[in-house]
Amino acid sequence: MKKICIFCCSKVTHKLGCSSAQCLYDLKNRTGEFERYIHDNEVELVGLVNCPGCPTQIAPDRIINQIDYLTEFQVEAIHFTNCINTYCAYRYEYKSLIEMHYPDVEVIMGTGKPHITNLQREIIERDIREN
């Protein structure tokens, strides 16, 4: 059984009220980046985690604390949501940080099929420019 986590963007979650329902639906149906599990009968979602926010001096420590807790549940793969993959300027830094501290945990850039609407894209891009 593959144990995975979905790592979400806190800005998108708060600004758009994202419930992660589409990511969960795509996991259930093995679409997008979840296709890799199409032959796995059982995939256990051990965490649905919000990023602690855009970088501050403590963001890396917070991310490590989050992943550290997930390792207690034997997480094997962390999927960065399509929102992080699309909007986060620090996604590669976060990916490297996790891979450096947890070399046995695979970090996958993406979840299901991209489903961000143009209106959602405008709201997030405007917010990112303003903050």
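**Salt bridges, strands, rings and a cavity**

Author: Let us start with glutamate 33, which counts as partly exposed because its relative accessibility is 31%; buried means under 20% relative accessible area, exposed over 50%, and partly exposed in between, with a 1.4 Å probe and protein chains only. Before going on, note that this is a predicted model, in which local features need pLDDT of at least 70 and side-chain atom pairs count only at pLDDT 80 or more, while totals for chains, interfaces and linings use all residues. Residues are numbered from 1 along each chain as its sequence is written, and side-chain values use heavy atoms, with hydrogens and water left out.

Reader: OK, and which residue does glutamate 33 form a salt bridge with?
Author: Glutamate 33 is joined to arginine 36, and their closest N and O atoms are 2.6 Å apart; a salt bridge here is a side-chain nitrogen of Lys or Arg within 4 Å of a carboxyl oxygen of Asp or Glu. Arginine 36 is itself partly exposed, at a relative accessible area of 41%.

Reader: What else does the side chain of arginine 36 meet in a salt bridge?
Author: It meets glutamate 106, with 3.4 Å from N to O. This pair links distant parts of the chain, 70 residues apart, since arginine 36 sits in the loop between helix H2 (21–29) and E2, and glutamate 106 in strand E4 (residues 106–109). Helices (H or I, at least four residues) and strands (E, at least two) are DSSP runs, numbered from the N terminus. Taken together, Glu33, Arg36 and Glu106 form a network of salt bridges.

Reader: How many salt bridges are there in the whole structure?
Author: The search finds 3, and one of them joins glutamate 99 to lysine 95, at 2.6 Å from N to O. Glutamate 99 is partly exposed, with a relative accessible area of 32%, whereas lysine 95 counts as buried at 19%.

Reader: Switching to strands, is E1 largely enclosed or open?
Author: Strand E1 (residues 2–8) is largely enclosed by the rest of the structure, because 6 of its 7 residues are buried. It runs parallel to strand E2 (residues 43–50), with 7 bridges between them, and also parallel to strand E3 (residues 77–80), with 4 bridges; two strands pair if DSSP finds at least two bridges between them. Cysteine 5 has glycine 47 in E2 as its bridge partner, and phenylalanine 7 stands opposite phenylalanine 80 in E3.

Reader: And how many aromatic pairs does the structure hold?
Author: There are 3, where rings of Phe, Tyr and Trp (its six-membered ring) pair if their centres lie within 6.5 Å, and planes under 30 degrees apart count as stacked, over 60 as edge-to-face and the rest as tilted. Among them, tyrosine 69 and phenylalanine 73 are edge-to-face, because their planes are at 70°, with the ring centres 5.4 Å apart. Tyrosine 90 and tyrosine 94 form a tilted pair, at 6.3 Å centre to centre and 35° between the planes.

Reader: Last one: which helices supply at least two residues each to the lining of the largest cavity?
Author: Helix H1 (10–16) and helix H4 (82–87) do. A cavity is a set of points, on a 1 Å grid over the protein atoms alone, where a 1.4 Å probe fits but cannot get out, and lining residues have an atom within 4 Å of a point. The lining has 11 residues, and those nearest the centre are Val12, Cys18, Cys23, Thr81 and Cys83.

Conventions. 1 Å grid on protein atoms, 1.4 Å probe; cavity = no way out; pocket = protein on both sides within 12 Å on 5 of 7 lines; lining within 4 Å.
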